Amino acid sequence: MCCRKIEMDDTRQQRFGYPEGSLPVPRVCNALNDFSNGTVECHWHPEFQFGLVLKGELEYLVYRNPTSKIKRSLKAGDGFFINSRVLHSYSQLRNGTEIFIFSISPSFFSSSAVFGNIYQKTVLPVLHSPIFGFFFDHNKERHQVFLELLHGFYKLDPKSADYELHGLELICRIWRILFHELSLLKGTPLLKRLSPAREYRMKQMLDFIHRHYPEPVTVEMIARSANTNRRECFRCFQSSISQTPIEYLNRYRLSVAAYLLISTTQNLASICEQCGFNNVSYFGKLFRQNYGTSPSHYRIMAR
């Protein structure tokens, strides 16, 4: 057994090499025998990630927070989706286990006017959902179409003349099913099931943030949008998505800023203003904390 390791920085962020002059989707087959103890150590990445178990069996760990993790056993034919910035690791349970993985940047669907609209409607809801990901069981009939699409992407030849066109078609179909899976979770983006009253309040407050994020927004304003008080506002956010109202507001603003960085040529000051930040330095600090790089460098890397 070799001692192959994935490349990551000191924050445990994995960095992918993107193919040049082709579909910007890193893809790799991992034979877990190549890794020490058959384990890919704990890491994360800004990209969404999809995977298909080709051979054997593995144990997949997803970390919701430092003290809470989800464990799943996946066998040949099973698949998975891991959301952006979710900490995860996996180890083979059977010698010779192999998996196919491909990753998609959140900016993938924002490279044109048409895709920009798709990004706002179907990518941001996934990006902002606290959903860590999904596992797809080859024994479940309702998962078959999704797994067939993953397998279809695996079988594509990157050297073929229609690779980009065929790959884009499959990715759009994969994302459509993924978005449908998310929509089936009532109360999304809620992580935990709330009482009907709190679920209603949470929806009202999230809708308020999504509409008014460019404006000066306070916790009191968020609470009033659901006819509740500051304390109940905090309780709703903490019990549902484990964030404070302002943390969610800032993360939503940052994701819109990231979209503007790669889809427009506006300067940082203009983007800050449009996203509700009144201080470029503070915006830069928050952006680096959440995306691992400066806004300017992010813009360069994403293009």
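In this predicted model, R253 is placed over the face of F277, 5.8 Å away from the ring centre.

**Aromatic pair F48 and W175**
- The rings of F48 and W175 form a tilted pair, with 4.9 Å from centre to centre and 55 degrees between the planes.
- This pair links distant parts of the chain, as F48 belongs to strand β3 (residues 48–55) and W175 to helix α3 (residues 163–183), 127 residues apart.
- F48 and W175 are both buried.

**Aromatic pair Y60 and F135**
- Y60 and F135 pair edge-to-face, at 5.8 Å centre to centre and with 70 degrees between the planes.
- Here too distant parts of the chain are linked: Y60 lies in strand β4 (residues 57–65) and F135 in strand β9 (residues 133–136), 75 residues apart.
- Both Y60 and F135 are buried.

**Aromatic cluster**
- One aromatic cluster includes F48 and W175, and among its other members are F50, F81, F100, F102 and Y154.

- L52 is located in strand β3.
- L52 counts as buried because its relative accessible area is 5%, and buried means under 20%.
- Leaving aside residues up to four places away in sequence, L52 touches G77, D78, G79, F80, E98, I99, F100, L147, L150 and H151.
- The C-alpha atoms of L52 and C29 are 9.5 Å apart, while the two residues are separated by 23 residues along the chain.

Technical notes
Residues are numbered from 1 along each chain as its sequence is written. This is a predicted model: local features need pLDDT of at least 70, side-chain atom pairs count only at pLDDT 80 or more; totals for chains, interfaces and linings use all residues. Side-chain values use heavy atoms; hydrogens and water are left out. Rings of Phe, Tyr and Trp (its six-membered ring) pair if their centres lie within 6.5 Å; planes under 30 degrees apart count as stacked, over 60 as edge-to-face and the rest as tilted. Helices (H or I, at least four residues) and strands (E, at least two) are DSSP runs, numbered from the N terminus. Buried means under 20% relative accessible area, exposed over 50%, partly exposed in between (1.4 Å probe, protein chains only). A charge sits over a ring if NZ of Lys or CZ of Arg is within 6 Å of the ring centre and within 35 degrees of the ring normal. Contact means heavy atoms within 4.5 Å.
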